[in-house]
Amino acid sequence: MAGSEPSANPTLHAVGPRRGSARPALGLRQWDGATALLIAGAVLYSAWPLENLVVTGLPPGRSFISELAAEGQPTRSLFAACDAAAGALIAYGCIARLFSSAQQACWARTFLWLTLLGAGVMTSVCAVLSPMECSPSLEEGCETLGFNGLLPSQALTHVALSTLVEAALLAAMWIAHRLAPTTYRFRRGLPRESFLGVLSCCLLLVDIALSAYESSLHGLVQRAHVAIVAAWLISLAWSIRRQAVEPASR
């Protein structure tokens with residue numbers, strides 16, 4: 001009829017991409033504060049490559065990473081600051097994630113971030129308050145000094161805190177693998193985090209075995225383990241943020 005408006009067709013006027021259409025590229029929106037804090041903390045947690053730029057006097061194959069920040073080492077200030085900053089950044093990132101409105105509230109997410117929060121806090125405390133008193137790779141008898149009752153408080157506290165940090169990280173990896181998929185609905189990210197988590201556990205077991213036999217390679221394995229842990233945390237932070245952004249971009 002002349003003068004009448006054409007009937008509205010909801011199919012033609014639908015707004016937004018259809019299901020199955022290409023997703024928009026993700027840019028700066030992924031970089032919220034929590035993601036940046038966690039990634040920065042992970043990078044500093046694996047700051048051991050800096051030993052190649054400074055004079056340490058430590059043999060990388062036989063020395064523990066903690067020896068870089070041992071008392072009396074010329075590099076103590078540098079590596080202790082990196083560890084303390086790494087722990088603080090990871091802790092703040094976990095707190096931000098716990099209270100993030102973009103994340104779905106559930107007990108799995110809470111446990112995941114609480115375990116990583118504990119690892120971050122203990123890393124900072126270990127670096128600042130209980131460094132190694134000496135360097136076992138350079139000083140004979142140093143590895144048993146604390147256990148002989150000569151330095152019970154600081155040496156044993158360092159070992160205990162380091163063990164708790166590893167336990168918290170392993171717990172977080174297990175939670176991310178077993179529980180986080182139902183919370184965050186990982187698709188592409190989960191296989192990567194699972195692979196890195198398993199690889200990290202394997203390297204930790206190899207490092208323990210080599211240390212027990214005083215192998216000249218345990219230092220290299222430990223450095224590889226720490227690097228894989230950092231890669232796992234970076235991948236986890238990125239995947240979780242990506243899953244939070246993608247639904248809003250559809």
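Q: How are helix 1 and helix 2 oriented to each other, roughly parallel or roughly antiparallel?

A: Start with the angle between the axes, which are lines fitted to C-alpha atoms over the stretch in contact, with angles running from 0 to 180 degrees between N-to-C directions. This is a predicted model, where local features need pLDDT of at least 70, side-chain atom pairs count only at pLDDT 80 or more, and totals for chains, interfaces and linings use all residues. Residues are numbered from 1 along each chain as its sequence is written, and side-chain values use heavy atoms, with hydrogens and water left out. Here helix 1 (residues 33–45) packs on helix 2 at about 155°, with the axes 8 Å apart. The two helices (DSSP runs of H or I, at least four residues, numbered from the N terminus) are therefore roughly antiparallel (over 145 degrees).

Q: What is the hand of the crossing between helix 1 and helix 2, and which residues make the contact?

A: The crossing is left-handed, meaning the near helix is turned anticlockwise from the far one by less than a right angle. On the helix 1 side, the contact (heavy atoms within 4.5 Å) includes Leu-37, Leu-38, Leu-44 and Tyr-45. Helix 2 brings, among others, Cys-82, Leu-89, Ile-90 and Tyr-92. By type, the contact has 15 nonpolar residues (Ala, Val, Leu, Ile, Met, Phe, Trp, Tyr, Cys, Pro), three polar (the others, Gly among them) and one charged (Asp, Glu, Lys, Arg).

Q: At what angle does helix 2 pack with helix 3?

A: Helix 2 (residues 76–98) and helix 3 (residues 107–129) pack at about 160°, with axes 8 Å apart. That makes helix 2 roughly antiparallel to helix 3. Their crossing is left-handed.

Q: How many cavities of 30 Å³ or more does the structure hold?

A: Rolling a probe the size of a water molecule over the atoms shows where empty space is left. A cavity is a set of points on a 1 Å grid over the protein atoms alone where a 1.4 Å probe fits but cannot get out. The structure holds one of 30 Å³ or more.

Q: Which residues line the largest cavity?

A: The lining (an atom within 4 Å of a point) consists of Tyr-45, Ile-90, Leu-116, Ala-119, Gly-120, Thr-123, Val-165, Leu-169, Val-229 and Leu-233. Helix 3, helix 4 (152–178) and helix 7 (218–249) each supply at least two of the lining residues. Helix 3 gives the largest share, four residues. Eight lining residues are nonpolar, two are polar and none is charged.

Note on methods:
Parallel < 35°, antiparallel > 145°, perpendicular 65-115°, else oblique. 1 Å grid on protein atoms, 1.4 Å probe; cavity = no way out; pocket = protein on both sides within 12 Å on 5 of 7 lines; lining within 4 Å. Points joined across faces, edges and corners; volume = space filled by probe spheres on them.
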